[in-house]
Amino acid sequence: RSVYDGEEHGRFMEKLEARIRNHDREIEKMCNFHYQGFVDSITELLKVRGEAQKLKNQVTDTNRKLQNEGKELIIAMEELKQCRLQQRNISATVDKLTLCLPVLEMYSKLREQMKSKRHYPALKTLEHLEHMYLPQVSHYRFCKIMVDNIPKLREEIKEVSMSDLKDFLESIRKHSDKIGETAMKQAQQQRNLDNIVSQHPRISGGKKSKKEVCASSDLEVKNTSPMSEQDSGILDVEDEDEDEEVPGAQDLVDFSPVYRCLHIYSVLGARETFENYYRKQRRKQARLVLQPPSNMHETLDGYRKYFNQIVGFFVVEDHILHTTQGLVNRAYIDELWEMALSKTIAALRTHSSYCSDPSLVLDLKNLIVLFADTLQGYGFPVNQLFDMLLEIQDQYSETLLKKWSGVFRNILDSDNYSPIPVTNEEVYKKIVGQFPFQDAELEKQPFPKKFPFSEFVPKVYNQIKEFIYACLKFSEDLHLSSTEVDDMIRKSTNLLLTRTLSNCLQNVIKRKNVGLTELVQIIINTTHLEKSCKFLEEFITNITNVLPETVHTTKLYGTTTFKDARHAAEEEIYTNLNQKIDQFLQLADYDWMAMEPGSKASDYLVDLIGFLRSTFAVFTHLPGDVDVHSTMSGKVAQTACMSACKHLSTSLMQLLLEAEVRQLTLGALQQFNLDVEECER
């Protein structure tokens with residue numbers, strides 16, 4: 001800068017040139033000094049170049065040979081590289097497939113299970129697939145499709161299992177009468193067995209009790225896996241002979257659809273939904289079952305089918321209660337039973353009231369007892385049913401009374417109202433065997449001879465006994481004490497005597513065409529029936545084993561009934577006699593203006609006295625024992641005679657004092673006096 005800034009540029013250039021010349025001179029000196037060495041070096045370099053050329057040629061040749069030889073190796077190496085790549089890809093693929101194949105296998109298994117309707121195993125497979133397998137391969141597209149399908153599959157399983165449950169419920173509804181019939185057969189067998197054991201205490205074993213049978217069949221059903229492949233609902237059971245072992249009610253039913261559906265809904269977290277649905281459907285079915293057919297009262301089979309369905313329903317519910325945890329509970333069962341009990345009792349009250357056949361009412365009672373015993377065996381309270389049976393007992397008594405009213409009418413209508421003739425010892429013993437009658441005088445008489453009473457006496461007596469037997473039949477198996485049975489029989493028998501038989505006797509006595517002979521025979525018959533009442537008391541005591549002296553024992557009112565009938569017959573005799581007298585008096589034709597009396601009593605009066613004489617002869621010549629004879633001839637004949645005389649005297653006085661008789665002569669009075677004297681005589 002100082003050179004350029006100053007004025008010494010030329011001088012500097014000179015100095016620089018001088019400096020260059022000095023350096024050139026030094027270089028030249030040096031080159032001259034080392035020239036030989038330089039020449040030698042060049043010579044050496046020339047030699048080296050020749051050798052280098054040779055080496056180059058060798059290297060080139062060697063390289064060419066190497067290149068030629070290395071082509072195959074390069075191809076092999078390329079192939080090896082490709083193989084290694086493929087091997088690595090295959091290994092990765094195998095690893096991925098190892099993860100994917102179990103998923104696909106599980107999915108295939110799931111589809112197979114769905115196809116074969118093995119829904120509970122399918123649900124388990126679905127759980128494993130979702131939680132164990134799919135998370136490992138979740139990044140694959142097919143897995144995402146599977147994941148999207150899982151909720152649909154769950155819903156499908158729910159729907160299909162619910163469909164199976166609906167089929168089961170429908171099948172149960174259709175077959176409940178078969179289930180109930182089987183349960184009632186079991187109860188009948190158990191009752192028969194209990195009766196045999198009670199009669200022969202030493203005989204034991206051989207058959208299980210009902211509870212044991214139920215328990216064993218419960219175990220069988222409990223051991224049934226919920227993964228059972230069968231969804232049939234009801235198993236077919238052939239009708240079996242009475243002698244063969246009746247299958248347990250649970251043996252008729254395959255409950256696996258319920259168990260499967262319950263498990264499936266539990267696993268899916270919808271157990272409460274399932275429980276509510278099941279209970280709602282069963283309530284609906286209960287209402288259907290409890291609705292009796294309109295013609296149920298017409299035949300016993302109608303009642304039997306009704307009871308079978310109810311028993312079948314509750315046997316199924318009881319089994320569900322004991323084999324599932326909480327699907328139904330005791331409160332739900334009790335609520336259903338309360339509803340069933342009230343509806344059943346109401347239906348039975350209504351339909352039994354239409355029944356007029358006592359044998360059908362009795363069969364119905366036996367069926368109700370079996371129905372109650374069956375359900376009691378399953379732990380249901382049945383006291384209300386037995387209370388209702390006591391109501392039906394009153395109705396049964398009414399139907400019996402109606403039936404026996406017809407029986408008594410037929411007996412009384414067909415009777416000839418004449419003493420029973422006996423021609424030999426055999427007939428005599430037969431009648432004495434039918435009716436408690438003893439008379440030493442009659443026994444001594446030779447054959448042929450006659451009983452004092454007519455045929456309706458032994459027939460009526462035997463029918464009263466038959467009625468008592470019929471009442472006794474109804475009281476069987478009602479769990480009543482012997483005192484209650486005795487009281488029931490006595491009350492019903494009293495109604496038979498005081499109402500039914502009494503009305504029948506009164507109707508016979510009041511008939512228009514009844515004759516005096518018949519009325520007298522009725523008096524004799526009722527006297528003998530009155531005496532037989534003590535034997536009826538003994539008969540009832542013997543069959544009920546309740547002594548008549550026991551407190552609150554009802555007495556039979558038969559004595560009153562027959563006394564009333566006898567008094568009615570007597571009154572009818574008196575009335576009939578008076579009517580006959582009136583008929584004769586209508587023939588009286590007095591000439592109140594006659595100047596002279598006749599020589600004898602009036603013809604109508606002679607005929608009337610003849611009639612009365614023959615009538616009282618009937619009274620006094622009636623056959624029979626001394627007591628009856630004296631009673632009839634003494635009391636009835638005397639009273640009848642007094643009544644007739646009083647009525648005749650009154651009527652004659654009325655004839656004399658009639659308003660139409662305005663005048664009368666002494667001759668007419670004398671004729672009238674003759675008639676009165678004839679009456680006195």
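Predicted model: local features only at pLDDT ≥ 70, side-chain atom pairs only at ≥ 80, totals over all residues.

Mentor: Let's get the cysteines out of the way: the disulfide count comes to zero. A disulfide is a covalent bond between the sulfur atoms of two cysteines. Take C679, whose closest cysteine sulfur belongs to C645, 8.0 Å away; a disulfide needs the sulfurs within 2.5 Å, so that is too far for a bond. C679 is partly exposed, at 29% relative accessibility, while C533 counts as buried, at 6%.

Now for the wider setting. The protein has 22 helices and two strands, and 41% of its 681 residues are buried. If you take contacts between residues at least 6 apart in sequence, 79% of them join residues at least 24 apart.

The part I'd zoom in on is a pair of helices: helix 12, residues 383-414, and helix 15, residues 456-475. Their axes come within 11 Å and cross at roughly 165°. Anything over 145 degrees counts as roughly antiparallel, so helix 12 is roughly antiparallel to helix 15. The crossing of the two is right-handed.

Next, look at who touches whom. Helix 12 brings residues including L389, Y396, W404 and F408 to the contact, and helix 15 brings residues including F456, K459, F467 and F474. Sort the contact residues by type and you get 17 nonpolar, two polar and two charged. Among the residues from helix 15 you'll also spot a cysteine, C471.

Terms used: Residues numbered from 1 in each chain as written. Heavy atoms only, no water. Axes fitted to C-alpha atoms, helices over the stretch in contact; angles between N-to-C directions. Helix = DSSP H or I, 4+ residues; strand = E, 2+ residues; numbered from the N terminus. Parallel < 35°, antiparallel > 145°, perpendicular 65-115°, else oblique. Left-handed = near helix turned anticlockwise from the far one by under 90°. Contact = heavy atoms within 4.5 Å. Nonpolar A, V, L, I, M, F, W, Y, C, P; charged D, E, K, R; others polar. Buried < 20%, exposed > 50% of the residue type's maximum accessible area, 1.4 Å probe, protein only.
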